[in-house]
Amino acid sequence: MAFDGIVIAALVHELNQTILNTKISKIAQPENDELLLTCKGAGGQFRVDISASASLPFLYLTEENKPSPLQAPTFCMVLRKHIANGKIIRIFQPDMERIIHIEIEHLNEMGDLCHKTLIVELMGKHSNIIFCDEDGTIIDSIKRVSSAVSSLREVLPGKPYFVPSTQTDKYNAMTMNASQIYDVIAAKPATVSKAVYTSFTGVSPLIASEIAFGAGLDPDQPVASYEEDVLRHLANQIRLFFDRIHDCEFHPVIVRNGKKPVEFSAVELTMYRDYEVKAYDSISKVLEVFYAERNTYSRIQQKSSDLRHIVTTALERSRKKYQIQLKQMEDSKKREKYKLYGELLNVYGYNLTEGAKELVCENFYDNNKEIKIPLDPLLNARENSQKYFDRYGKLKRTAEALDKLLAETKAQIEHLESIQNSLDIALSSDDLVQIKEELMEYGFIKKNRSGKKQKIKSKPFHYISSDGYDIYVGKNNFQNEELTFKFATGNDWWFHAKGIPGSHVVVKNDKDGEMPDRVFEEAGQLAGFYSKGRDSDKLEIDYLQKKNVKKPAGSAPGFVVYYTNYSLTIHPDISALTLVE
C-alpha cells in the first residue's frame, strides 16, 4: 500500500481537472484529523475528503457526505473565517513530494483580495494539513507540532512553513536525463529496487519493483550483479516512466488477492500476474474503494482479535500437550525390554549370587546373544523379575491410554486449526457469530449466562461457475456441516483441500449430462482459496460425490471421512469467478 509521489501526481492532475477555479462552499471537520471541503463550480459540486491520520492518511474526491460535530473544531473555524467562499486558483505538487499545495483567493474583511495556501502533507505518521498566509507563515494546522514533539520542525501559528530536509540524498527524476539517472543508480550498493526508491523522490518500493520488473530485472538482485548496458536500460525505463507521469498518463488500479485488497497505484502493476488487477477511471475512486475495503478487513481483524487469541492460545496448548504425549508414547516402547528382562530373570535367575548388580545371560529371543540385565542388589531374582514385569504392565497401560489421548488431542488440534481458518475467511461481524457459538459449545469460551443464542445471519459463499453451476462454500464448521449433510444431495460434488484445514465446497449437480471439466477446476480453486493453503502456488484438492462423504459418530462439526476420491492440482486463484452477493 503506497501513497507515494506518483499517486499524489495523479491526484493533483485529477484535482486540476475538477476543483480548479471552483469556490469553497462548505468546510467541515468530521474527525479530529479529517477535513471535508465542498467545492462548487461550472462543472458541478465536488467534495474533497482529506485525512491526516497517522495510520491511513489520504486525499480523494468523494460523493459521500459525513456528519460533522455539533461544535466545529478550532481549525475548521479558522478555515471558515478565512477561505469560506474562496476560489481555488492553483493546485500543485512540489518536486514529486507527498505534498499538495492548494492556493485559494478570497476577500478579507476589508474587501481586499488575499491569497492563502492549504498544504496537505501525506507522509505517514507525519501527515498534516497546514494553513498558511501568502508569505508562508503558518496560520494554523490540524495537528500542532511543538519543539517538544519534533526537533526538525515546529508547526505552530506564526512559525514559517518549510518542509524538513530529511532526504537530501534524493533526486527529482523528473528533471534528470537517462545518463544522470544511470550515474545515481550505478553508485548505489543495494538491490535494484532499493537503489531506485532510495534515490528518487516520490518513488515507493512498490513503484521501484514495478519499474525493475518492467525492465526485465529482478528487483531483489544487487545492482552490482548487472552489467553496465543492463543498468543503462533500467535508467532509460525510469526516464520513460517519469515522462509518462509528466504527460499525466495515469492508469489507476487496485490489486486484490481474492476479495482482499492488497495494493493500489496510479499506474499499471504488471508484476502481479497471479492476482486480480482491476483498473479504474479515477485515482480518487481507487483510493475511496481501497480504503473502504481495507477498513472492512481491518475492522473484522480487530473484532475477531479476541477470538483469535483464544484459538491461538488453545492451539498452542494442544500442540504442546500432543508433543508431550508423543514423547510419553515413545518412552512406553521400552516396555518390551522390561518384559524381556523379567522373562530372562525367571529362566536364568536361579544361579544369581546375593547382592548381584547385574545378570549376564543369553537372549534366546535373539540368537542367544549375550545380554546384561541391571539388578537391584537389595532384591532377589524373583523380586527383580516382578519389578520389571510391573514396569512393563504400567507402560503397557500408559500406551493403551495414550493411543486414545493422542487421537483426541490430534482431533482437537485439527478442530482448532479449522476454526482458525474460519476466522481467516470471515468478512463481517455476522460471520463471527457462528464461530463464537462453536467455541462456546466446545468449552473454549464460557457460555452466555442468559443461554440465548445470537441470531445467525451469515450464509455460505455462493459462486456461479463459468458454465452456470451453483457452487457453495462454507465459512465455518457449522456451515460446512450444513452444506455437506443437509443441503447437498447424493449426486452433488464435494471438494476439499487435501490434508489441510479448509472449507467444504459443494457444486450443485442438477443439470442433465456430465459437468464440464472447467467446473471441477473452478470448484477446486475455491476449495484451495478458502483453505490454509491459499497462499501456495499449487494445491492438491480431493473431490468426490457427496454420497461417499461420511461423518464419524461424535466427531466435531465439519469433520468427515472418505475412502474413494479423485484428486486435482490447482492454483488457488478465484479472480475469474462470480460471487453472488
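Strand S15 (residues 461–464) is joined to S21 by 2 bridges, and the two run antiparallel; strands here are DSSP runs of E with at least two residues, helices are runs of H or I with at least four residues, and both are numbered from the N terminus. In this pairing, Ile464 stands opposite Thr578 in S21. The model is a predicted one, in which local features need pLDDT of at least 70 and side-chain atom pairs count only at pLDDT 80 or more, whereas totals for chains, interfaces and linings use all residues. Residues are numbered from 1 along each chain as its sequence is written, and side-chain values use heavy atoms, with hydrogens and water left out.

S15 and S21 belong to an open sheet of 7 strands in the order S20-S19-S17-S18-S16-S15-S21, with antiparallel pairing, where two strands pair if DSSP finds at least two bridges between them. At its edges are strand S20 (566–570) and strand S21 (578–579), each of which pairs on one side only.

Elsewhere, Ser282 is placed in the loop between strand S12 (276–279) and helix H7 (283–303). Leaving aside neighbours within four places in sequence, Ser282 is in contact (heavy atoms within 4.5 Å) with Glu14 and Pro252. Ser282 and Glu14 are 268 residues apart in sequence, yet their C-alpha atoms lie 7.7 Å apart in space.

Most residues other than glycine have a negative phi. Asn21, in the loop between helix H1 (5–18) and strand S1 (23–31), has a positive phi near 70 degrees. Asn85, in the loop between helix H2 (74–83) and strand S5 (87–92), has a positive phi of about 70 degrees.
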